[in-house]
Amino acid sequence: MTQTYDAIVIGAGVSGLYSLYRLRELGLDTRVFEAGTGLGGTWYWNRYPGARFDSESYTYQYSFSEELIDEWEWSEHFAAQPEIERYLHFVADKFDLKPHIELNARVATVRYDDDKHWTVETEDGRRARARFVIAATGLLSAHQLPDYEGVEDFAGQSLHTARWPKETIDFSGKRVGIIGSGPTAVQIIQEIAAEAGHLFVFQRTANWCTPLRNRPIDPEEQRDLKARAAEIFEICKRTFAGFLHGEHSVPGEGVPKVERWAHYQELYDEGGFALWLGNYSDTFTNAEIAGEVAEFLAEKIRERVDDPETAEKLIPKSHTFGTKRCPGERDYYEQFNRDNVSLIDLRATPITRITEDGIETGDTHRDLDVIIYATGFQALTGELMRMDIYGEGGRSLREHWSDGPKTNLGIQFSGFPNMFAVLGPHNPATFCNITRCAENNVDWIVGCIRYMRENGYETVVTTAEAEEAWTQRCYDSLKGLLIEQMQDSWFFGTNNDENIRGRFLLFAGGVPLYREIFADVAAKGYEGFELR
Ligand code: NA7
C-alpha cells in the first residue's frame, strides 16, 4: 500500500533532521527516507579516522533551541565525527524525530503526478506520496571513485572515505596507498601515518592547509560559550561566510609589509578558518595579497618539512591562496618527515592503472594492502542527479539541467512544483557555515509552506525567468574574485558530469546578502515564485 503524507524529506542529515523538526512543528505529517542504516548524513558516512569539523563546534550546532544548546556539551573546539554523530542522535531523540525516519531507504525515483502529488520510490520498492518533497541530500554526498583502469581489480582492501565501514580498520604493518590530498585526505593522513607500515600519498594537487588548532573546551570556556551562544549565532549571520571569522575591515594593500606579515602570523596562530576568512578584505580579490599569504604559508611548509624536495611538492603551484577551501591541519606536514611516509607527485608521474596488487605510476609499481580513495564528490548536483526526478509533464531534472544546473535561490527548479532542495546548487553554503545556511533555507521553505496554507495556495514553483536570473546572478557573483581563476575544484563541479563541469555551483555574494535576498523574496509574497 502506498502511504500518503503531507511532506517527504529525502535524507536524515543536518538539514533533513531540521526540516523534519520544522515541518512537524507546522503540523505536517512528514516521512523521512534515509539511505544510510543510521541517521547523520555526512556525519554518518564519513566515519574515517580523523574526520572532524573544520568550523568551530559551537558555530556548526543548531541554533533553534536554547534548551538543546544548554543540554549539549561539545568536548572540543572542532569536534570529531563520533561526537557529531552522537549529537545528531541526541537531537533526534530530544525532538522525537526517529519514529518518522525510515532508514536503509535509498530513494531511486521521485515523480510528479497529475493530481499534484509526488510519488517517491526507494531502490527496494517502498513507495510513498506527498504534496511536498524536500531534498535534504547534502552538498557533498555523491562520492566519486577515479576512473583509472583497474579500480575493480585491486585484490586488497579498497576504501572510500565517504563510505567508511563501522568497524575499526587495523593499518599496522600494512602498505597503504591514499589517493587525494584534499581536506579529507589531510585529516586521515594525520591519523593513520604513524600506524601504517608504509603510507604512500598519491597527490595530484597540493593544497594551502592552515592550522586548525583544535583543543578541548575547558569548563570555563564551556560556560562562556553557552552564555554567548546567541551572540555567536548573530556574528555568524553578519560575516561573509557565516563563521566567527569576519574579514578584516581594511585591505592589505597600503598596509606596510612587515605589519601584514605579523597579521598573517596572528591568524596562523589563531587557527580554524582565521587565515582564510579573517584576513584582509582584499585577500579574495587582490592577487598580490593572496600571493603574499601563499608565500607566508610556503615558508611555513619549508620550515616544517625536512626534505626540501618534498616540501616543494607540498607547496601548491597551480593555484593561489584562498581559491579553494583550506584544509585544517594539526601536524600534516610533519607526517612527511617520517621514514614510513612517501609523497608521490602525480603531476610528475600520473597513475597509469590500478592493478591487482597496487598502484602503477609510469614505470613504477607500488605493492599495497589497502587503497584509500579520498577523491571527493560530485558536488551539489551529484546526489540529485543520482535519483530519477520527473517534474511536470514528465520532464526529468537531468533534461532540465542538460545545459548546466538552473535554480532559483538554490532551492527550487522551474517545472518541479512543491519540490525544494535545502542546499541545492547556487546557494552560499559551500564557502560557508552549512548549518547556518541549512537553518536559513529550511526556515524559508517552511515559511513558504505556511504562507501557502494561510492563503489557500496548493502549489509553489519558481518561474523560469526568476530561475534564469538567479543562475546568472550566481555566475556574476564570481566577478572580480580570484576564485574565478581556479576552476579545477568542486566549486566548479570538477568531478561532475560533462554538462555541469566548469559551471560555478555556488553563490559568492556572501551570507548577509543571501539572507537579505531570501527575506526580501518572502516579504514580497514570494516574488519570482508562482503560487497556484
Ligand atoms: P576534495 O576537496 O574534492 O579533494 C579530493 C582530492 O582527491 C583532491 O586532492 C583531488 O585532486 C583528488 N582526486 C580526485 N580525483 C583524483 C584522481 N582521479 N586522481 C588523483 N587524485 C584525485 O574532497 P575532500 O573529500 O577532501 O573534501 C571535500 C570537502 O569536505 C572539503 O572542502 C570540506 O568542506 C569537507 P585534485 O585537486 O582534483 O587534483
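**Ligand shell and domain contacts**

The shell around the ligand takes at least three residues from each of two domains, domain 1 (2-142 + 378-531) and domain 2 (146-209 + 326-376). The model is a predicted one. Its protein chain is divided into these two domains and a further one, domain 3 (210-325).

**Ligand shell**

- The ligand is surrounded by 22 residues.
- The closest of these residues are Tyr 148, Ser 181, Thr 184, Arg 204 and Thr 205.
- By residue class, the shell around the ligand comprises nine nonpolar, eight polar and five charged residues.

**Polar atoms facing the ligand**

- In the case of Tyr 148, a polar side-chain atom is placed 2.5 Å from a nitrogen atom of the ligand.
- The side chain of Thr 205 has an N or O atom 2.4 Å from an oxygen atom of the ligand.
- For Trp 490, the distance between an N or O atom of the side chain and an oxygen atom of the ligand is 3.4 Å.
- The ligand taken alone exposes 780 Å², and the protein buries 88% of that area.

**Extent of the interface between domain 2 and domain 3**

- A distance of 27 Å separates the C-alpha centres of domain 2 and domain 3.
- To the contact, domain 2 contributes 20 residues and domain 3 contributes 24 residues.
- About 2,000 Å² is buried between domain 2 and domain 3, and carbon and sulfur atoms account for 58% of this area.
- Of the area that domain 2 buries against domain 3, 42% is supplied by Trp 208, Cys 326 and Tyr 333, which is more than any other three residues supply.

**Polar and charged pairs between domain 2 and domain 3**

- Eleven residue pairs are in polar contact between domain 2 and domain 3, counting pairs with both residues at pLDDT 80 or more.
- Two salt bridges are found across the interface of domain 2 and domain 3.
- Arg 304 and Glu 334 form a salt bridge through their side chains, with an N to O distance of 2.8 Å.

Technical notes
Residues are numbered from 1 along each chain as its sequence is written. This is a predicted model: local features need pLDDT of at least 70, side-chain atom pairs count only at pLDDT 80 or more; totals for chains, interfaces and linings use all residues. Side-chain values use heavy atoms; hydrogens and water are left out. A residue is near a molecule or strand if one of its heavy atoms lies within 4 Å of it. A polar contact is a pair of N or O atoms within 3.5 Å; within protein, one must be able to donate a hydrogen and the other to accept it, and residues adjacent in sequence count only if both atoms are side-chain atoms. Accessible areas come from the Shrake-Rupley method with a 1.4 Å probe; for residues, only the protein chains shown count as cover. Ala, Val, Leu, Ile, Met, Phe, Trp, Tyr, Cys and Pro count as nonpolar, Asp, Glu, Lys and Arg as charged, and the others, Gly among them, as polar. Domain bounds come from an automatic or database domain assignment. Contact means heavy atoms within 4.5 Å. Buried area is the accessible area (1.4 Å probe) that two parts lose on being put together, summed over both. A salt bridge is a side-chain nitrogen of Lys or Arg within 4 Å of a carboxyl oxygen of Asp or Glu.
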